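Subject: Handing over a structure

Dear colleague,

I am passing this structure on to you, and I would be glad if you could look through it with the notes below at hand.

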Amino acid sequence: MATLEAIEEAKKQREYIQKIKEIITAQDAKRKKPLTACVVTFGCQMNARDSEKIVGVLTEAGYEIIEDEEQADFIIFNTCSIRENANTRLYGHLGNLKKFKRKNPDMRIGLCGCMMQEPHVVEKIKKSYPHVDLIFGTHNLYQFAQVLYESLLSDELVIELMDKNPLIVEDLPSVRKFPFKSGVNITFGCNNFCTFCIVPHVRGREHSREPRDIVNEIRALVKDGVKEVMLLGQNVNSYGNDFKDGFSFADLLREVDQIEGLERIRYMSPHPKDFTREVLEVMRDSKKICHQIHMPLQSGSTSLLKRMNRVYSKEQYLEVVRMIREILPDVSLTTDIIVGFPGETEEDFEDTCDVVREARYDAAYTFIYSPRVGTPAAKFPDQVPADVSKRRFDYLLHLIQTISAKESLRFVGTTQKVLVESVSEQDETLLTGRLDSNLLVHFKGDRSLIGSMVNVTLKESKGFYYFGEIEA
Ligand code: SAH
Ligand code: SF4
Ligand code: F3S
C-alpha cells in the first residue's frame with residue numbers, strides 16, 4: 001500500500017492541478033480561446049507511460065491537448081539520453097522553437113525525462129536555450145503539477161531536480177494514448193549498471209511497486225476498456241527483489257493473469273541473468289500472457305559481456321534461449337544488440353553473429369555504441385572507429401533481416417488472435433492489428449472493430465508484418 005507520505009503528496013498535487021485550472025480558465029477567458037499543450041516523447045515505453053501521466057495532469061488542469069508543437073502554448077519534451085542522437089534530436093527541436101516563441105508570447109517550454117538528470121545537459125540548456133521555462137527530472141514526475149504552477153507564476157526558469165526518490169505516488173491522473181491497451185509500471189530504476197548504459201544514472205535504483213497497487217491499477221484499466229497491458233521495467237524479472245518476502249515476478253504474473261476481463265499480458269524487458277523456469281511455466285500455463293520475449297543480448301562475446309557487466313556468458317545466454325524454446329515452442333523472440341562497444345574485435349563480433357544465427361530472432365534492434373558521459377565504458381581505451389562499427393552494423397542488420405524474414409514464414413497459414421488497433425497508415429481500406437508476437441497484420445475489415453479482438457488468418461509475410469484475412 002502507498003505510504004502516508006505518498007498519499008499526502010498525491011493530495012497536494014491534486015490541489016496544484018486545481019490552482020492551475022483557475023489560472024488557465026482566467027487566461028482562456030481573456031484570450032477567448034483555450035490554451036493548448038503538446039507533449040513530445042522520446043525514448044522507451046517508460047517515457048511513453050510517463051507522458052500519459054503528464055497529459056493526464058494537463059488535461060485535468062484544462063489545457064487542450066494538440067499534436068503540433070509549433071502551434072502549442074505549452075510544449076513539454078519528455079527526453080531520453082540512451083544514445084547521443086536522442087540528445088541531438090532534442091536540441092534540434094529547441095532550436096526550431098525559438099522563432100515560434102518570439103511570435104507567441106504565451107508559449108512556454110518545459111523539459112523533463114532522463115536527459116534532465118544529467119547535470120552537464122542542464123548546464124547546456126541554461127547557457128544555450130534561455131527560452132526554456134521549466135525543467136524537472138525523472139524522480140519528481142509526480143510533482144509536475146507543482147512545478148508547472150510555479151512556472152506559471154514566474155518569468156524565470158523553474159528547475160526542480162532530485163538525485164533520488166524512492167517515493168511512489170499512486171492515483172494521479174493519466175490519459176492513455178490507446179483506449180484498449182496500456183503500459184503499467186512494475187519497477188522503476190535499475191541496479192545493473194551495464195557499463196555502457198546511462199539508465200541507472202538517470203533513473204536511480206530499482207524499486208518495485210506493490211503487487212496490490214499494480215493489480216488495482218490494471219483492474220481499473222480493464223473497467224475502462226483496456227484489453228492488453230504491458231508490464232514495464234528496466235529489468236522486469238528482478239521484480240520483487242527489494243521486497244525481501246520472496247514475492248517474485250512469476251508470482252506477479254500469476255496474479256495479473258487472474259484479472260477478469262483482461263485479455264493480453266506482455267512485459268518488457270527481462271534480463272537474461274534473471275530468467276527463471278518458473279516464469280516460463282507461468283507463461284505456458286496462461287491463456288493471456290503473450291508468448292513473446294524481448295531478451296537483450298547486447299553482445300555474443302563472453303569477454304565483451306564481462307566488460308559490459310552483463311553477468312552472463314555466450315553459453316549461458318544460449319542456454320536461456322534453449323530453455324525458452326523448450327517450454328514455449330511457439331515463442332516470438334526479439335533482442336537488442338550493440339555493435340562497436342570499446343575493444344570489440346572481429347572475433348567478438350563473430351561471436352555476436354553466432355548467437356544471432358543460433359537464437360534465430362524474430363526481430364533484433366541493433367545500435368552502434370554511443371559513449372555516455374559518466375558511464376565507465378565511455379572512458380575505456382580502444383574505442384572502435386566509426387567506419388568499423390558501421391561496417392559491422394550493416395553486416396549484422398543484413399544477417400538479422402535474412403533470419404527474421406525466414407522465421408516470420410512459420411506463422412503464415414495460421415489463424416491468430418489479433419487486437420485491432422487502427423486503420424492502416426498505408427492503405428485506408430485496411431485495418432491494422434497486433435498479433436500475440438507483437439508483429440502487425442493488415443487485413444480488410446470494418447473500422448468499428450478497432451479495440452476488439454478478432455481471429456485473422458495470416459496469408460502473406462512481409463518480414464516485419466503480415467497481410468491476413470479476418471475469420472468470418
Ligand atoms: N533495460 C533494458 C534496456 C534499456 S535501453 C535491458 O537491459 O534490456 C535499450 C537498449 O539500448 C539496450 O538494450 C541497448 O541495446 C541500447 N543501449 C543502451 N545504452 C547504449 C549505448 N550507450 N549505446 C548504444 N546503445 C545503447
Ligand atoms: Fe541499462 Fe543494463 Fe539496466 Fe538495461 S539492465 S537499463 S542496459 S543498466
Ligand atoms: Fe531513454 Fe530514459 Fe528510457 S534514457 S530509453 S527514456 S529510461
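This is a predicted model: local features need pLDDT of at least 70, side-chain atom pairs count only at pLDDT 80 or more; totals for chains, interfaces and linings use all residues.

Residues are numbered from 1 along each chain as its sequence is written, chains are lettered from A and ligands numbered from 1 in the order in which they are written, and side-chain values use heavy atoms, with hydrogens and water left out.

Ligand 1 has 15 residues around it, of which Gln234, Pro296, Gln298, Asp336 and Ser370 come nearest (a residue counts as near if one of its heavy atoms lies within 4 Å). By class, this shell has seven nonpolar, four polar and four charged residues, where Ala, Val, Leu, Ile, Met, Phe, Trp, Tyr, Cys and Pro count as nonpolar, Asp, Glu, Lys and Arg as charged, and the others, Gly among them, as polar. Strand 13 (332-339) and strand 14 (363-368) each supply at least two residues of the shell, strands being DSSP runs of E with at least two residues and helices runs of H or I with at least four, numbered from the N terminus.

An oxygen atom of ligand 1 lies 2.7 Å from an N or O atom in the side chain of Asp336, and an oxygen atom of the ligand is 3.0 Å from an N or O atom in the side chain of Arg83. A nitrogen atom of ligand 1 is 2.8 Å from a polar backbone atom of Ser370. Taken alone, ligand 1 exposes 540 Å², and the protein buries 89% of that (accessible areas come from the Shrake-Rupley method with a 1.4 Å probe).

Around ligand 2 are Cys190, Asn192, Phe193, Cys194, Phe196, Cys197, Val199, Pro200, Gln234, His271 and Arg310, which divide into seven nonpolar, three polar and one charged.

Finally, a search of the whole structure finds 16 aromatic pairs (rings of Phe, Tyr and Trp, the last by its six-membered ring, with centres within 6.5 Å; planes under 30 degrees apart count as stacked, over 60 as edge-to-face and the rest as tilted). The rings of Tyr63 and Phe74 have their centres 5.9 Å apart and their planes at 35°, so this pair is tilted.

Methods
A polar contact is a pair of N or O atoms within 3.5 Å; within protein, one must be able to donate a hydrogen and the other to accept it, and residues adjacent in sequence count only if both atoms are side-chain atoms.
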